[in-house]
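These are my notebook entries on a structure that was new to me. I record what I looked up, entry by entry.

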Amino acid sequence: MQARFSAADHAYMARALQLAARGLYTTTPNPRVGCVIVNGGKTVGEGWHERAGTPHAEIHALARAGAAARGATVYVTLEPCSHHGRTPPCAEALVAAKVARVVAAMSDPNPLVAGGGISMLTLAGIQADVGLLEGEARALNPGFVSRMTRGRPWVRLKTASTLDGRSALENGVSQWITGAAARADVQRLRARACAILTGSGTVLADDPRLTVRDLDIGRQPLRVVVDSHLATPAHAAILPALIACHTADTARRRALEAAGAEIVELPGRAGRVDLSALLTLLARRGINELHVEAGARLNGALLESGLIDEWIAYVAPLAVGDPARGLFATRPLASLAAARRFRLVDVRQIGGDVRLTLAACRT
């Protein structure tokens, strides 16, 4: 049964969530976690997980609290870990510090923990309560939760279109449909992702780099290209990248590998790449959030496969009319009942454009 939480509990957990968000761009493949330690109504320690392989949020907060951690209440956005990874278990550190109570926003979906941290605390006589602002904590780590519970990354599709739903002119010109503010906003989406996915059509048409620019996050997301027949040129700006193909021509494979590409064969139906298998492969490599910037064919394939979790749609106040290019190339629908449905989560103006955030409706 969920514990009853006070107004003070809510305030301290809200602060822990703010701290966790500081690791938005840097913690991959680990979750974003924040921690606040309170004793006698005063905050005595704070911390957040900054980067994989470095101390977790609780350890930073305990170091700042020092002796004041004894008898304190600890607010943490994720159940303290109970296993030895690259760092020692946080639950053990909390027990050693003799804290009195731990409030966790959510249980850890990682099977290596999955309640083990809470059990370790309660066996040591520490009160442990779970479920405070759980929705907010999950929203901060959709990719980590997805990878642990579904075995695949959280797929976030980004599109930019005119008001009449066109992504480019008939001749392929698309720069720039949206304004500078929207393009800067896209950089933040790229920065929080573990990997960026596109298709060979986009590579051939635009030769994009798909890197994070103007934000110093200390890393670049893995770049991934869906390229059924290895049409990507060896001089493509997106290289080095992971290229998923249906079957690999030996000469093309060698040329691309010499240019820094990693080639994986994931044969699907009708000569296409098996997108579900690709997501499974990426999850095994620690990819939490997959950001998609692609053309209508790959967008359509993801849509028809039901693999889009979140859709960020930038809409410019332009109308270009037919026969300009659309966002999704899919098979014709027999009825509207067969359409993929999304739930509107957020609407806001970004410069002169509008950004829609939509979540996939799961049946």
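**Entry 1: a parallel pair.** I began with strand E7 (residues 195-199) and strand E8 (residues 222-226), which run parallel and are joined by five bridges. Ile-196 has Arg-223 in E8 as its bridge partner. I note the terms: helices (H or I, at least four residues) and strands (E, at least two) are DSSP runs numbered from the N terminus, and two strands pair if DSSP finds at least two bridges between them.

**Entry 2: the basis of the values.** The model is predicted, so I note that local features need pLDDT of at least 70 and side-chain atom pairs count only at pLDDT 80 or more, while totals for chains, interfaces and linings use all residues. Residues are numbered from 1 along each chain as its sequence is written, and side-chain values use heavy atoms, with hydrogens and water left out.

**Entry 3: the whole sheet.** In what order do the strands of the open sheet lie? I read E10-E9-E8-E7-E11-E6-E12-E14-E13, nine strands with mixed pairing. Strand E10 (262-265) and E13 are the edge strands, each pairing on one side only. On average, neighbouring strands of this sheet are turned by 20 degrees against each other, direction ignored; the axes are lines fitted to C-alpha atoms, for helices over the stretch in contact, and angles run from 0 to 180 degrees between N-to-C directions.

**Entry 4: strand E14.** Strand E12 (residues 310-316) pairs with E14 in the antiparallel sense over six bridges, and Ala-313 stands opposite Leu-356 of E14. Strand E13 (residues 342-350) is also antiparallel to E14, over eight bridges, with Asp-346 opposite Thr-357. The hairpin of E13 and E14 has two residues between the strands, and Gly-351 takes a positive phi near 60 degrees there.

**Entry 5: the second largest pocket.** Which strand or helix gives the most to the lining of this pocket? I found E14, with five residues. The lining has 29 residues, and those nearest the centre are Ala-139, Pro-142, Arg-156, Glu-310 and Thr-357. The pocket holds about 740 Å³ of space. By class, 14 lining residues are nonpolar, two polar and 13 charged (Ala, Val, Leu, Ile, Met, Phe, Trp, Tyr, Cys and Pro count as nonpolar, Asp, Glu, Lys and Arg as charged, and the others, Gly among them, as polar). A pocket is an open set of points on a 1 Å grid over the protein atoms alone, with protein on both sides within 12 Å along at least five of seven lines; a cavity is a set where a 1.4 Å probe fits but cannot get out, and lining residues have an atom within 4 Å of a point. Points are joined across faces, edges and corners, and a volume is the space filled by probe spheres set on them.

**Entry 6: the cavity.** I found one cavity of 30 Å³ or more. The largest cavity has a volume of about 80 Å³. Among its 15 lining residues, Thr-27, Thr-28, Asn-30, Arg-32 and Asn-288 are the closest to its centre.

**Entry 7: cysteines.** How many disulfides does the structure hold? I count zero, a disulfide being a pair of cysteine sulfur atoms within 2.5 Å. The sulfur of Cys-90 is 3.7 Å from the closest cysteine sulfur, in Cys-81, which is too far for a bond. Cys-194 is in no disulfide either, the nearest cysteine sulfur, that of Cys-81, being 19 Å away. Cys-90 is buried at 1% relative accessibility, and Cys-194 is buried at 6% relative accessible area.

Note on methods. Buried means under 20% relative accessible area, exposed over 50%, partly exposed in between (1.4 Å probe, protein chains only).
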